[in-house]
Amino acid sequence: MSEKDWFKESYYTAKQLVERGLDKHVRIAVTGLSCSGKTAFITSFINQLLFAADNDRLPFFDMSKQQRIVGAKIQAYPDLHIPEFRYSAAIEYLTASEPQWPPSTSSIAQSQIKIRYKVSNRWYKKAKEFSSLTVDIVDYPGEWLLDLPLLRMSFKQWSTQCTECLGRGSRKELAQDWLDSQNKTQLSEMYDEQSVSEIAQSYRAFLQRCKQSKANISLIQPGRFILPGELAGAPVLDFFPVVDESILAQDWSSFEAESTVRVLEKRFNYYRDKVVKPFFYEYFSKVDRQILLVDCLSVLNSGYESYRDMQFTLSQLLQSFNYGQSNWVKRLFNPSIDKLMIAATKSDHVPPEQHRNLEAFMQNMLQQARNDIRYEGIKMESMAISSINVTQPVMAEHDGKKLMCVQGVEQSTKETIINFPGKIPQQPPTKQQWSDLEFDFVNFAPSNLSPGALPHIRMDKVLHFLLGDKFL
Amino acid sequence: MSNEQQDKPVKISLEKIKSQDKIEVTPINPLQLVEENEQQEAAQIVFKEQTKGGIKRLFWPAFSTLVIGAATFQTYQFIQELFLTNAMLGMAGIVVAGAALVSGGVALFNGWRARRRLANRQSAQQEFKRILQQDSYGKAGHSLQELTQEISEYVEISVLEKKYQSAKQQVHNDHELIQIYSNSVLAGLDKMALDIISKHASEAAVMVALSPLAIADMALVAWRSSKMIQELSRLYGCPQTAFGRIDMTKQVFKNMMLAGASELVAEAGVEMLGKTLTASVSTKVAQGIGIGVLISRMGIQTMSLCRPIEFTEQNKPRLSHLRKAIYNKVVGIVKNTDRDKNEERVKSPIIDDITQND
Ligand SMILES: Nc1nc2c(ncn2[C@@H]2O[C@H](COP(=O)(O)OP(=O)(O)O)[C@@H](O)[C@H]2O)c(=O)[nH]1
Ligand SMILES: [Mg+2]
């Protein structure tokens, strides 16, 4: 090999190395309770990226505004054991002749999008005119998210928390069956598989009732009791919290290893360490950016108890994500989340002049939790968004008053309606004020959506916040 | 309380409305949503009249009356004398005086209008700044539309306007609307403005670099910068006449003084780079570049004066880009002419300094 060839070769290799270094990867965690709009968000997120090259409806996504995106496509995911997010199926649901929201998620699914773009950094530009950014985004049932706080609890702590929760709202009535069956057994005695299994059965039924109740209960643990996925019928799920105050007051190490309490504890630990932990390990390792979706509208519809419940649940979640130095998610999974967005979803239900109120309401709801958390080096933003906008704002005159309303197709009746949902307060109302407040956020069905870029509210800001700085 | 009733939710099926016809529905146009009470509020807040000393306040009116009176009197006497000499001459005198009066009046009027435009632009800037700090909805659209009309009187901006129209949505609040406008329409104008500045600055730089007379440089700067201010102000829709420009130039300089210190510190690094660059060229060329940079500075200040929505940290024009363009142009041209004239280059004093220090 002549010297010249050698030089050429090494130059080529170096260039390739640089090029490979320029191809970046970002992994986004979408978190939110069930029905907070994760699936809709991911569908819209992918959709906006796929059409970003030629879409002037993204004024706040600089990459699109500057027309630097050449194209984007969905890639086959290298992790074969995780099912692919069914983007085209979701779009089909939305754009069908009888449009529907995509069905709710029952298992984990993942998507990978590769975006090709023009490099603008003047140093990197010399090495390469175009580069690509790969975005991973994961969908999973929101029910499972509630298992995250379990990771830092012992069985006893969890049982104590459940006991406290029973005192709140309508839980006690819903739990009556289960409490009756539990009271029949002596928990400190030797365990009997038959009766434990029965009580667990009635505990799961109680959770299902919570889920379906009109009271909009958020905190339903463990998540897989509602949505077992591949664990359906497995004995791992045969446990329940101990809500007997006298037993909770005792020292459990004095109980026999074969006592019901100790067996329940063992099962809880197994569930926590062998089911929940691996799931979050796989999910949260390598996450760079996080978005937390919050559905404030269901809370406003249901009132004070629901508000408190969601506030407590989200605070627990945010604490689990404590991004500070010595937090346990970091110790366990070592993620490097450096940006967090908290978004109030479905803002298309709200007349635009009230969007600011919606944002303020959400911020105030999470104020305490956010104060408790030290976000070191984490950039945070919060806003009201709508992944898929299916309404339009209109002015209507009602009883001689002008009201800004939203117009859309109602989900239940499929009729076009005009809705003034009530006035969202900026400050969280007191318990007394809650009873005076009245809201009616109806569910809107998708209508008139074309297969192109989906209409949205502030998805461009979300894209810019989550991805903007990853482009060179 | 009537207020409470309004907060209750209302849901109406559109099919039912059509049969009963009780409710009037109009698609909203955010432009029409200017709130009345807001205007009232604004009307209530008025600047208190500043009280100057009584005698002092009389100075300008008295002085100008005196000057105008004297001038009128003199002209009258002069024309009378002309009439005494010859009737035709007298007539001609009247015509000339009339023409002077009319053209002077028109110039004064135009100057006054230009100054008012600038003042209006300044208050628009304040207004947008105020809206940007609020969380309002439906107030900015109207002002932005007026602004578009104002600008399009002088500049063809339909392409930029279309960009804005397609990017904005009904759900955008005032803050977002203003940002979108700034990023579409005004960003387009900014680009053109930078071209104008770069053109004038580098032209002036080349002229200074080539001109043999130091006094001529002063005139050059005055002429080029005045021309540039005229073009820039026109571009942003508040064109300044000769009179107005003096006012504006005054403000530009004032802003440059204010910005001066911080800007100098911020750009010290770049300035150093600029010096090492200029070190290799002749003093005259270095002077030229210096003048070019000065004019660029003035241009950028003019932009921020005329731009209805203030620059942010992100979209603020940077001097460094302009500097490079000027340098390239001047050095390119001067090198060519140098070669033509086969002149000997003068060493830069900076290089002299360095060598002496060694
Ligand atoms: N109008 C509107 N409704 C939404 C939007 N996003 C979600 N929804 C509603 O919320 C429901 C649940 O959304 P989904 O994405 O399945 O929530 P997930 O359980 O968090 O995945 C949907 O069926 C819709 O009715 C939105 O952007 N606009
Ligand atoms: Mg889902």
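In this predicted model, A:Glu359 forms a salt bridge with A:Arg356, their closest N and O atoms lying 2.8 Å apart. Both residues sit in helix α15 (residues 355–365) of chain A. They are 3 residues apart, about one turn of the helix. A:Glu359 is buried at 11% relative accessibility. A:Arg356 is partly exposed at 23%.

A second salt bridge joins A:Lys461 and B:Glu176. This pair crosses between chains, from helix α18 of chain A to helix α8 (residues 174–210) of chain B. B:Glu176 has 2% relative accessibility, so B:Glu176 counts as buried, the limit being under 20%.

A:Lys339 pairs with A:Asp469. The partners are 130 residues apart and link distant parts of the chain: A:Lys339 in strand β6 (residues 339–344), A:Asp469 in the segment after α18 (459–467). A:Lys339 is buried at 8%, while A:Asp469 is partly exposed at 43%. A:Arg289 joins these two residues in a network of salt bridges.

| Salt bridge | Closest N and O atoms |
|---|---|
| A:Glu359 and A:Arg356 | 2.8 Å |
| A:Lys461 and B:Glu176 | 2.9 Å |
| A:Lys339 and A:Asp469 | 3.6 Å |

Over all chains, the count comes to 21 salt bridges.

Charge also gathers at the surface. A:Arg122, A:Lys125, A:Lys126 and B:Lys324 form a positive patch. B:Lys324 lies in helix α13 (residues 319–341) of chain B and is exposed, at 57% relative accessible area.

A:Lys114 belongs to strand β3 (residues 109–118) of chain A and is partly exposed at 30%. Beyond its neighbours within four places in sequence, A:Lys114 contacts residues including A:Gly71, A:Gln75 and A:Thr134.

Definitions and conventions
Residues numbered from 1 in each chain as written. Chains lettered and ligands numbered in written order. Predicted model: local features only at pLDDT ≥ 70, side-chain atom pairs only at ≥ 80, totals over all residues. Heavy atoms only, no water. Helix = DSSP H or I, 4+ residues; strand = E, 2+ residues; numbered from the N terminus. Buried < 20%, exposed > 50% of the residue type's maximum accessible area, 1.4 Å probe, protein only. Contact = heavy atoms within 4.5 Å. Patch = residues over 30% accessible without salt bridge, like charges linked within 9 Å, V, L, I, M, F, W, Y side chains within 5 Å. Areas by Shrake-Rupley, 256 points an atom, 1.4 Å probe, with all protein chains shown as cover. Salt bridge = Lys/Arg side-chain N within 4 Å of Asp/Glu carboxyl O. Lys, Arg positive; Asp, Glu negative; His and termini not counted. Charge placed at Lys NZ, Arg CZ, Asp CG, Glu CD.
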